[in-house]
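This report walks through a few parts of one structure, one chain at a time. Please keep the sequence and the 3D view open while you read.

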Amino acid sequence: MSKVIENKITKRQYIFILISAVVGIGILSAPNSICQKAEQSGWISMFIGCLYPLTITYCAYLCYKNLGFIDFYTLNEKIYGKFFSKIISIFFMLTITIYSSSVLAGFYNVLSKEITIFLQPSIIVTIVSLTIVFTASFGLQSLGRLSEIVFYFSSLLFLFPLFTIKRGDITNILPIISSFEKILSSIPASFYSYAGIEISFFILPYVISKKNIKYAGFTSSIIIALIYTLLTFLTIYYLGFELTTKIYYPVLFIMETIEISIISDFKIIFIFLWSGIILKILACDYFVISYVFSKLTHIPYKKSCFITWPFVMMFTIFMIPEHGRNVFLENTLPYIVYTVLIYSITTAIISKLKVMKGV
Amino acid sequence: MKKILFIILLTLLTTFTGCYEMEPIENLSIIIGIGYDIEKDAKKKIVDPIEMFVFKGDGEVERLISPGVAETIYNTVNDRQTVMSKKFLVGTEKLYLISRERAEYGIEDLLETLIRDEGRNEVAYVAITEGETRHFFSMIPIDNTSISEAISGILKFSHLANFFPKEVTIKELLFMYNQTGRRIILPYIIDDNGKPKIAGICVFDGAKLKYTIPLEEAFYMNMIRSRKSDGYISILKENNPKICYSIKAKNFINVDVDYKDRLIYTINVTLKGSLKTDTIHNTALTANEAKEIEKAFEEYVTEELNKTIEKVQNKYKIDCFDITKYAAAKFGKHSPLLSDEEFQRAQINVKVKVILVDLGRSMK
Amino acid sequence: MEHLSKNIYQNINKIISHMPNSSTLVKREILINKKTKCFIIYVTNLCNRKSIELHIISPLLNKVKEDLETIENPAEYIMQNYLSVSEAQIINHLDNITVELLRGKCLILIDKSTQAILCDTSDIPHRNIQESNVEKTLRGGRECFVENIEINLALIQNKVKSNKLRIERLILGTENNADAAIIYLDGVIDPIVLDTVKFKLNKIKKLPYILCTGYIEQLIEDFPYGFFPQLKNTEKPDKVVSDLFQGKAAILISGAPYALVAPAVFIEFFQGFEDYSQRILTSVFVRLTRILSAMLVLLATPIYLCVLSYTTAIVPIKLIKVIYNSRIGIPLPPFLEILTMEVAVELLREGGLRLPTPIGQTLGIVGGIVIGEAATKAGLVSPTTLVVVSTTVIASFLIPNYEMALSIRFLRFPMLILAHMFGLLGVILGFYLIVIILINMNSFGIPYFAPFAPLNYSDLKDTVIRFPLDKILRKPKSLKIKKGKI
């Protein structure tokens with residue numbers, strides 16, 4: 001295999017990596033979490049929630065624009081000094097580890113219920129994570145290509161729920177606004193669905209053409225928001241918010257009710273395509289983990305891929321019980337999301353100040 | 001070093017894979033129908049008969065009915081597995097039957113199970129039976145291998161007449177139970193000389209069966225609660241079957257809700273269809289005469305609908321038309337206007353419009 | 001450098017010492033103008049004797065009247081004035097003389113001259129240009145390459161009458177000194193790609209012997225252990241020409257009736273040459289069938305195995321009835337049943353490949369009866385398994401390129417094992433790994449999975465689908481390495 005790992009991506013690949021880093025297990029469970037509070041207006045909160053990815057990508061753009069397109073670690077060193085940059089890197093590494101292991105655990109949960117009842121969790125987690133390590137070890141360029149092609153293949157998946165248009169009931173989403181309080185109070189919950197967009201900080205410097213890079217971030221945020229909103233809308237439209245809040249993976253339920261002649265359980269096709277998405281998001285997350293690890297320890301990237309593998313495995317095994325995972329995520333995700341938000345905004349402001357001082 | 005690690009990993013993976021515990025297809029019992037009965041007086045109340053295929057090879061397929069008796073739905077599996085020679089596989093079932101007694105007793109446990117157990121087939125058909133479901137499963141199917149396929153066929157094509165809704169499946173059952181302003185309404189199947197037959201609808205209150213409504217009344221309830229289903233309507237003159245208008249119609253429903261001291265539902269029923277028989281006119285139909293026929297049907301259907309509505313509001317006192325959901329859509333999912341009392345007080349106006357798209361090929 | 005000496009016998013001894021096996025070496029001695037000693041040396045079965053007699057010996061014996069000893073450069077004088085062969089050159093050293101003689105050239109040594117004449121009188125026995133047996137096309141040229149590199153070059157040159165055509169010759173193998181050539185269109189091919197090809201060919205120059213294009217292919221490809229062929233082997237000159245116009249280089253070697261085309265991308269192996277001659281819609285349909293068949297070969301048996309063993313509920317009840325019934329009484333577990341069938345089919349295929357046609361047919365019939373009738377009747381294999389396996393076998397014949405068909409056929413075995421070990425998850429992961437490997441492969445600096453990854457919208461016009469010819473008859477962008485672009 002190629003000896004040199006090239007870390008250069010095009011702007012289009014940047015968009016697709018951002019999308020693939022966010023859209024994962026969420027497309028199955030996002031309608032559920034958002035409807036708990038917002039009821040039938042969940043899709044509105046979902047759309048408003050795209051403020052989070054918009055802010056993060058824009059801040060990332062501002063930081064790098066102000067200080068030149070240096071890599072993440074050097075950026076932090078310039079702004080916060082050596083010690084804090086290490087802390088921040090470790091924080092991001094842990095965050096992404098939590099994301100990826102929760103995705104992997106969720107993937108296991110869906111798989112174990114639907115297609116691999118006979119396998120032990122450790123086996124599934126091992127083989128999936130090994131595949132991921134293998135994928136991530138090829139570096140960012142390969143990830144960019146992968147995200148691009150898998151997105152096109154799996155975009156079919158976002159079209160499947162469209163079949164509900166004929167069968168749903170418009171009364172399920174009426175009245176359009178349940179209440180403004182409910183919608184507003186569930187916006188933070190929608191932020192969690194967009195978690196993962198932090199990868200923007202890590203890959204932005206590697207985009208080749210920096211022209212209009214600002215809009216690339218916007219585009220991907222809007223595409224993600226549209227995917228989520230469409231899915232949430234259709235789920236509520238078809239199931240009603242009452243059932244949506246009762247089922248952990250409502251989109252999967254919709255898939256089960258699609259009837260085509262040769263396959264009695266359409267879910268399997270869905271999982272087949274959806275696995276591509278999951279493997280992609282895991283690979284993106286894993287790239288960040290190994291990237292930060294290799295920056296922190298000065299171990300070559302490819303080696304650090306394999307070194308970090310046991311940690312991610314351990315985290316995942318810990319995350320597997322669905323109930324425990326939810327409790328853990330409920331208690332950590334809000335802090336993570338707000339910390340990331342505060343970090344990116346302050347970094348953007350400081351970088352601006354530095355530039356102004358420099359002038 | 002790398003190669004050794006790789007080999008160790010490969011060996012471990014091969015040792016711990018699940019392929020040693022799997023059972024090939026011929027060791028599975030293929031379930032085709034599940035029934036839910038109850039024996040109220042016994043200690044073990046739940047009786048779940050299951051219909052499954054028995055394969056004899058060479059294309060020969062027989063069936064086997066295996067009842068499980070236990071305290072709960074899943075304990076019946078305990079009971080059944082003690083006599084079954086094969087592995088139990090859920091997910092292929094095509095039919096769920098619930099006996100009337102069981103439904104009257106309440107099916108909360110079943111509804112919860114259907115949501116929680118991912119293995120269940122969400123597109124299986126579901127119906128209420130007159131007596132024990134076991135009795136229905138032991139009927140002899142005529143043109144199918146199993147009675148479950150026969151009954152699910154009946155349910156599948158029920159929407160072609162009597163304005164039955166298109167989907168009488170488990171997912172629709174869950175929708176009806178969970179969505180605000182709706183209630184479970186399922187077809188009612190009776191034993192007609194050893195053959196299953198749809199004889200009406202069952203209306204639930206919550207998870208308990210409340211009323212069984214015969215087909216004659218259910219016809220007009222179906223006309224309002226379903227959409228784009230088919231039905232045949234005839235107007236007889238002097239009760240003579242030879243002199244009549246008959247149409248085949250597809251129903252389109254549009255409901256407006258308003259609130260002035262009480263709920264005002266305005267149900268716009270549009271029946272689009274074709275004229276099938278006309279023995280009243282003896283000349284070729286003109287546009288005016290076609291209008292007349294339409295008008296006659298409009299009046300007739302309005303009258304029948306009003307009668308049904310009156311009966312429902314006064315006798316059954318719960319919403320059998322599935323129209324409370326429109327109120328929920330207008331006034332919010334938590335509105336106090338969705339109660340049964342409000343429904344009884346409500347003013348329900350029906351506006352019927354009949355459109356004859358096709359007058360047939362007869363020129364007279 | 002071994003210069004020629006003035007002593008003619010010394011020169012001859014040198015040549016003989018270079019060619020120890022000189023039983024076919026002819027040394028014809030003549031006296032020019034009855035005075036000057038002259039030797040004509042050639043390898044007898046590689047030369048055209050008639051032309052040597054007519055155009056070399058006869059003029060030298062009969063026409064030369066001058067006294068050669070008085071002329072300054074006798075060799076040059078003779079060549080210019082008397083020899084009526086079309087190709088001749090003056091040499092003054094004996095390097096490479098073995099190779100030249102073995103190419104069918106004839107050497108004229110003149111006494112007391114330090115120069116010699118090398119005339120091309122070659123008449124190497126070769127096969128005539130015939131219709132291809134391996135790559136049959138319905139539309140397009142019938143001729144195919146032969147073992148003689150000169151004829152092959154002629155076939156290509158005849159089709160590309162362009163001043164951009166470049167033919168660079170080189171010799172491969174230190175022992176067998178095979179003639180080889182790189183052919184490309186200047187200005188069309190990407191210079192980096194061309195440099196890579198040349199660099200890689202130069203690297204293998206020092207190997208003892210290279211006999212066929214298959215040797216070169218394996219020696220210069222980027223991923224020797226990769227699953228997929230990374231260079232295209234073809235025996236049709238028109239295919240080579242079409243590739244040349246797309247910015248690729250062709251490599252020819254004498255002794256092989258094939259041309260190697262580099263670089264090659266994955267999707268090319270699924271495109272038939274006559275796709276471009278057929279109507280658009282039919283050719284799109286055919287291409288879709290090919291992709292579908294490749295998918296079938298890879299996925300059909302693993303998914304069937306999953307249905308049999310793990311996830312039975314995914315097929316409708318009517319199909320379960322059929323499969324269930326056919327499985328009753330089969331002693332082998334599903335995995336072994338499918339594997340046995342697959343191996344049996346591979347045995348038949350490989351066995352029939354090298355047999356002469358009549359025996360091959362017998363093998364096919366016997367194999368068909370054994371596998372189709374007897375195995376199912378005896379209850380060793382279920383009929384549904386037979387249907388699935390034979391469908392995949394038939395599907396594998398749809399892939400136009402033989403090497404790619406072999407690779408994909410091979411890949412279904414790992415997929416089957418993965419499916420057996422991990423059920424559908426194994427199939428998913430296996431498929432995903434194939435995509436990852438495809439994405440990360442390169443062929444001479446060109447991404448192997450182009451134009452899908454990296455995606456190039458304009459090049460998608462000629463992949464699984466095909467746009468009208470006027471939209472695609474230009475150089476694909478993905479075959480160009482842009483600076484700084486991926």
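Which residue in strand 6 of chain B is the bridge partner of B:L95? The bridge partner of B:L95 is B:Y125. Before going on, note that this is a predicted model, in which local features need pLDDT of at least 70 and side-chain atom pairs count only at pLDDT 80 or more, while totals for chains, interfaces and linings use all residues. Residues are numbered from 1 along each chain as its sequence is written, and chains are lettered from A and ligands numbered from 1 in the order in which they are written.

Helices (H or I, at least four residues) and strands (E, at least two) are DSSP runs, numbered from the N terminus.

Two strands are said to pair if DSSP finds at least two bridges between them. Strand 5 (residues 95-99) of chain B runs parallel to strand 6 of chain B and is joined to it by 5 bridges. Strand 7 (residues 185-192) of chain B also pairs with strand 6 of chain B in the parallel sense, over 2 bridges, and here B:I128 stands opposite B:Y188.

**Two domains in chain B**

Chain B is divided into domain 1 (23-218) and domain 2 (227-364), with bounds that come from an automatic or database domain assignment. The centres of the two domains, taken over C-alpha atoms, are separated by 32 Å. Their contact takes 20 residues from domain 1 of chain B and 18 residues from domain 2 of chain B, and two residues count as being in contact if their C-beta atoms, placed from the backbone, lie within 7 Å. On the side of domain 1 of chain B that touches domain 2 of chain B, the elements that give two or more residues are strand 8 (195-205) and strand 9 (208-214) of chain B, and strand 9 of chain B gives the most, with 3 residues.

**A sheet and its helices in chain C**

In chain C, 5 strands form an open sheet in the order 6-7-9-10-8, with antiparallel pairing. Strand 6 (165-172) and strand 8 (232-234) of chain C are the edge strands, each pairing on one side only. Within this sheet, 4 bridges join strand 7 of chain C to strand 9 of chain C, and C:A180 stands opposite C:I253 in strand 9 of chain C.

Which residues of helix 5 (residues 149-159) of chain C are buried? They are C:I149, C:N152, C:L155 and C:I156. Because they cover an arc of only 120° around the axis, they are on the same side of helix 5 of chain C; the arc is that of the directions from the helix axis to the C-beta atoms. What covers these buried residues includes strand 7 (178-185), helix 8 (237-245) and strand 9 (249-253) of chain C.

| Residues joined | Omega |
|---|---|
| C:A262 and C:P263 | about -5° |
| C:A450 and C:P451 | about 0° |

C:P263 is found in the loop between strand 10 and helix 9 of chain C, whereas C:P451 lies in the loop between strand 12 (446-447) and helix 16 (469-472) of chain C.

Two residues other than glycine have a positive phi: for A:H298 the value is about 60°, and for B:D261 it is near 65°. A:H298 is in the loop between helix 15 (267-297) and helix 16 (301-319) of chain A, and A:H298 is exposed, with 7 other C-beta atoms within 10 Å. B:D261 is found in the loop between strand 11 (240-260) and strand 12 (262-278) of chain B, and B:D261 is exposed, with 7 other C-beta atoms within 10 Å.

Terms used. A residue is buried if 20 or more other C-beta atoms lie within 10 Å of its own, exposed if 12 or fewer, and partly exposed in between; C-beta atoms are placed from the backbone.
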